[in-house]
Each structure stands twice: as C-alpha cells, then as structure tokens.
Amino acid sequence: MAKKSDVGQKFNILIIGQNGRLVYEALLFVASLRASSPNFNGRVFVAEPQPSELWRGQDPRMPSDIHDALTDMGAEILPFENQYFGKAYPNGNKIEALLAMPKGENFVFFDTDTLVTGPLDEIEFDFDRPSASMKREGTWPEQELYGPGYTQTWKSLYDRFGLEFESTLDLSQPDEYWERYLYFNAGWFYFRCPHEFGTRFLEYALEIRDNAPEELVCQPLTPWLDQVALPLVIHSFGGGRPSPSVSKLDGETSCHYRFLPLLYAREPERTLEILEAVAAPNKLKKRLKLYDPIKRMIYQGRGRKARALFDQDNLPRREKVIRNTLRREGFWMR
C-alpha cells in the first residue's frame, strides 16, 4: 500500500500518444517534464493505440521518428488495443490505456496537452485517495428548461452505481449551482493502481454510454463521458477534491493548456517561457515545426501577438470570451 502524503514517493506517468496533434504535444510534455522536474524518478509511458476496426482504417500509431525522440528523452512507448473506444470517442484512450500500465504501481495520468512547470516529486500525493483536476467550468450537465436539475441528474448516476451521494456535495455552494457537485476536469488524475482504477472507470463509462439513467436522456455524452464517469470512480475509491498540495497541478506545477492560443492568451509568463525554452533545441524544433499551429504560435510569433490582445491583470472570466476574441482576430488554431 502506498505511503500517504510522502513527498518524493515514486510513481509512473501516463500520457496518450496518437498520430496527429498528440504526437507533438507528447514531445512538449516530456521535454517540459525533464526541464521542470529533473528529479522525477518514475517511468513515463506514452500509450499508443494500435490499428483496429475501431479506428475504421485509420492508423493511430505515431511515426517512428517520434518514437525515437520520445525514447531519447527517457519515455517508454506503451502499445495498447482498443476494445471499446476508438475513433468514435478517442477520449476513451485514457480509460483503456490504464489497463496496459504496470499493475499495482502508483500512477498519475496527464492529458497530453499539458506542460510540466514545476517539480512533480514535491507534490504530496495520497495514492490511496484518488483525485483529479479542478481546472474546469460548468460544462456538464446541460440544463434544460423543463428537464431535471443538477441534483436529480447527478444523484441518478450515484444511485445507478450504488454510491452514497450527499458527502460529495460542497455545501458552501448554493443548491443547483454546478460547483456544489463533484465535477472534475479529466486532465489529470491519480491512484495506487491503474488496473483497479481503469477497470472501474471502464465499467462506469460503458454503463453510462450504453444504459444511462433516464435523467440523462437529453444530455450530451460526447465529449463529456470521461468527465461524467470520473467523479463517480473517484468517490467509489474514497477519493474526492484535491488537497492543497495536489492542487498545485492546476497551474503551479503543471499547466493543462488544451489549446496553444489559450496558453498564450491567459497563462503566466513563466509558463510561456518554459514552453518556448523546451521547444527551442533544434532536435525537437525540426519535428515540432511540422505541426502548423506550433510553427505559427511558437516559432513565427503569433502566440505573442495573440497574448497582446489581453490585459493579463484583467482577463475575461469566461473562456468563451477569450476564444471568441482569438477567433475574431484570426489566432484560433489547434
């Protein structure tokens, strides 16, 4: 059993590597890990989905030169086969890849569109009590005029899996306000065993996808399925909202930027400096420039021009406003 709240304890990292955008984000992630957390002593797995019928003729594997670049930085390529998800729901890769990880070893999953900005070995993880990112907005459930509210919708899911509901509520938030309910961004999460977590994550996600409670009949599950199932899985293992130390993953120690234009528009200057520094070496630059958004935003300076559109001391509170400004000015790309 993992020792609780032990700074510097060993754990593995999992990200997803897939042909396309994630190839280049994986390079940035591993490069930023080596630069910002040089004392990290765990293994770094880049999970790679393999061709199958679920990819409908598409080859999701990374190019061989990307394999070489990642392994040169100490990462390990982890092939896995999709049994339930694939092209129709690539977010499901994070669920199925867990079952290919070493069993019984502490892990932290990160979305690939993340930069490491500080020492991960200084985070006080309690791997027996899972948690996940609170860097989220009230994206789900969507509220219908005559449909069930937040409480009814979320409680139907807890009831479906035989889970107690009341203790998940943040009673400092008003009733029927989205932050009252346990809801995470699936950009990072952790636990003591990827097989335990992955098995339950898969069970819950498939049940919600294939046999959802009637309260969800009008609710979209793409792309939100992983984030709908995640709080249920975390609560089922006795987890909940992150501790103050773990919360550093939401900005101080890692940055889930999601879109490069958003990173340039709103993240701290230090994060931009890390991004540009790890992307500078020619060995990586020649590969990263093959991806047009990275070439334009980082190497051609469009990111800095996008940043100049915003007052960093008075940023819009809603991401939608930032996105609309970037689109209007021609800086939106992914």
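Author: The dialogue below takes up the sheet, then a helix, then single residues and aromatic rings. This is a predicted model, in which local features need pLDDT of at least 70 and side-chain atom pairs count only at pLDDT 80 or more, while totals for chains, interfaces and linings use all residues. Residues are numbered from 1 along each chain as its sequence is written, and side-chain values use heavy atoms, leaving out hydrogens and water.

Reader: In what order do the strands of the open sheet lie?

Author: Strands of a sheet pair through backbone hydrogen bonds, either parallel or antiparallel. Helices (H or I, at least four residues) and strands (E, at least two) are DSSP runs numbered from the N terminus, and two strands pair if DSSP finds at least two bridges between them. Here 6 strands form an open sheet in the order 3-2-1-4-7-6, with mixed pairing. Strand 3 and strand 6 (131-133) are at the edges with a single partner strand each, so one side of each has no neighbour in the sheet. From one strand to the next, the twist averages 25°.

Reader: How many bridges join strand 4 to strand 7, and how many join strand 2 and strand 3?

Author: Strand 4 and strand 7 run antiparallel and are joined by 4 bridges; Phe109 has Phe189 in strand 7 as its bridge partner. Strand 2 (residues 44-49) and strand 3 (residues 75-80) pair in the parallel sense over 6 bridges, and Val46 has Ile77 in strand 3 as its bridge partner. With helix 2 (residues 64-72), strands 2 and 3 make a right-handed β-α-β unit. A crossover is right-handed if, with the strands pointing away from the viewer, the path from the first strand over the helix to the second runs clockwise.

Reader: What span does helix 5 have, and which of its residues are buried?

Author: The expected span of a helix is 1.5 Å times one less than its number of residues. Helix 5 (residues 194-210) has 17 residues and reaches 23 Å from first to last C-alpha, close to the 24 Å expected. Buried means under 20% relative accessible area, exposed over 50%, and partly exposed in between (1.4 Å probe, protein chains only). Among the buried residues of helix 5 are Phe197, Phe201 and Leu202. Contact means heavy atoms within 4.5 Å, and the buried residues of helix 5 pack against elements including strand 4 (107-110) and strand 7 (185-191).

Reader: Is Thr168 buried or exposed?

Author: Thr168 lies in the loop between helix 4 and strand 7 and counts as buried, at 3% relative accessibility. Not counting residues up to four places away in sequence, Thr168 touches Tyr158, Arg180, Leu182, His235 and Arg241.

Reader: How many aromatic pairs does a search of the whole structure find, and how is a pair described?

Author: A pair of aromatic rings is described by the distance of the centres and the angle of the planes. Rings of Phe, Tyr and Trp (its six-membered ring) pair if their centres lie within 6.5 Å; planes under 30 degrees apart count as stacked, over 60 as edge-to-face and the rest as tilted. The search finds 26 aromatic pairs. The rings of Tyr24 and Tyr291 are stacked, because their centres are 5.2 Å apart and their planes at 10°. Tyr24 is in helix 1 (residues 21-36) and Tyr291 in the loop between helix 9 (282-288) and helix 10 (292-299), 267 residues apart. The pair of Phe191 and Phe197 is tilted, because the ring centres are 5.8 Å apart and the planes at 50°. Phe191 and Phe197 belong to one aromatic cluster with Phe107, Phe109, Phe189, Phe201 and Phe237.

Technical notes
Axes fitted to C-alpha atoms, helices over the stretch in contact; angles between N-to-C directions.
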